[in-house]
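Biologist: I am new to reading protein structures. Could you take me through one, feature by feature?

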Amino acid sequence: MKVSILYFAQLREKTGLSKEVLEIDPCSVEDLYIAMDKKYDFQMETSLIKYAINENYVEKTTFLKDGDEVIFITPVAGG
Amino acid sequence: MFYVFKDDKGVESFLSPNLLPESGALVEFHGVVRNHDEGKAVKGLLYEAHESMAIKEGEKIFQEALTKFKINAIYGWHRYGYLKIGESAVKVFVEASHRKEAFEACMYAMDEIKKRLPIWKKEEYLDGENHWIAPKK
């Protein structure tokens, strides 16, 4: 199945990408983060990451579906 | 309504509060870029945002505030892009019949905005260094 990942802030700088489209086997959103961390070496504490699918926060155990758009949310700092 | 503006585009068009006749209190919060952080001299802040998700999340927070507190209206915006010292990054306006509810709802909305909006901030210091910052405890 195909999913897209949007990168922001530290992760955008680390990957050099704003968006990446991938063909993946079914997995949770956290599994996908761990796979991308292996690929890019984000150097972020995994426990600090929050996850959004299609612009809504989800639990890390949420399974991805074909066509989902994922964001790995590093600590936010609005305000 | 919650808005997200890139740079200062749109900020000027955000009208001054048009108070409802039943509102006896208006609380207005401005989050402003200051010239220091943890002992370092700050030159400016670069905010990055997922704009459409930030708008959705901001709207959710305002709807929660309307449910939790006896207020008449809540509206505001957050900016992203590069901001200089003294510029406002965020503004929240709350109208209520009485001040207590307006203050409490404004505090709630700002706490949630800082925790939940997909907005990141890179501090740029006068000494030339910069880094992405995490929220204070």
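Modeller: We will go through a sheet, a whole chain and some aromatic rings. This is a predicted model, where local features need pLDDT of at least 70, side-chain atom pairs count only at pLDDT 80 or more, and totals for chains, interfaces and linings use all residues. Residues are numbered from 1 along each chain as its sequence is written, chains are lettered from A and ligands numbered from 1 in the order in which they are written, and side-chain values use heavy atoms, leaving out hydrogens and water.

Biologist: What is the strand order of the open sheet in chain A?

Modeller: General idea: strands of a sheet pair through backbone hydrogen bonds, either parallel or antiparallel. Strands (E, at least two residues) and helices (H or I, at least four) are DSSP runs, numbered from the N terminus. Two strands pair if DSSP finds at least two bridges between them. Here, five strands of chain A run in the order E2-E1-E5-E3-E4, with mixed pairing. Strands E2 (19-23) and E4 (56-58) of chain A are the edges, each pairing on one side only.

Biologist: How many bridges join E3 and E4 of chain A?

Modeller: Three, and the two strands pair in the antiparallel sense. A:Ala52 has A:Tyr57 in E4(A) as its bridge partner. Helix H1 (residues 51-68) of chain B packs on this sheet, touching E3, E4 and E5 (69-73) of chain A. Touching means contact, with heavy atoms within 4.5 Å.

Biologist: Which pattern does chain B follow along its sequence?

Modeller: Chain B reads β-β-β-β-α-β-β-α-β-β. That comes to two helices and eight strands. The radius of gyration is taken over C-alpha atoms, and the globule rule is 2.2 Å times the number of residues to the power 0.38. For chain B the radius is 16 Å, close to the 14 Å that the rule gives for 137 residues, so chain B is as compact as a globular protein of that length.

Biologist: Why is the ring pair of B:Phe69 and B:Tyr108 called tilted?

Modeller: Rings of Phe, Tyr and Trp (its six-membered ring) pair if their centres lie within 6.5 Å; planes under 30 degrees apart are stacked, over 60 edge-to-face, the rest tilted. These two centres are 5.8 Å apart and the planes lie at 55°, so the pair is tilted.

Biologist: Is B:Phe69 buried or exposed?

Modeller: Buried means under 20% relative accessible area, exposed over 50%, partly exposed in between (1.4 Å probe, protein chains only). B:Phe69 is buried at 18%, and B:Tyr108 is buried at 16%.

Note on methods: Axes fitted to C-alpha atoms, helices over the stretch in contact; angles between N-to-C directions.
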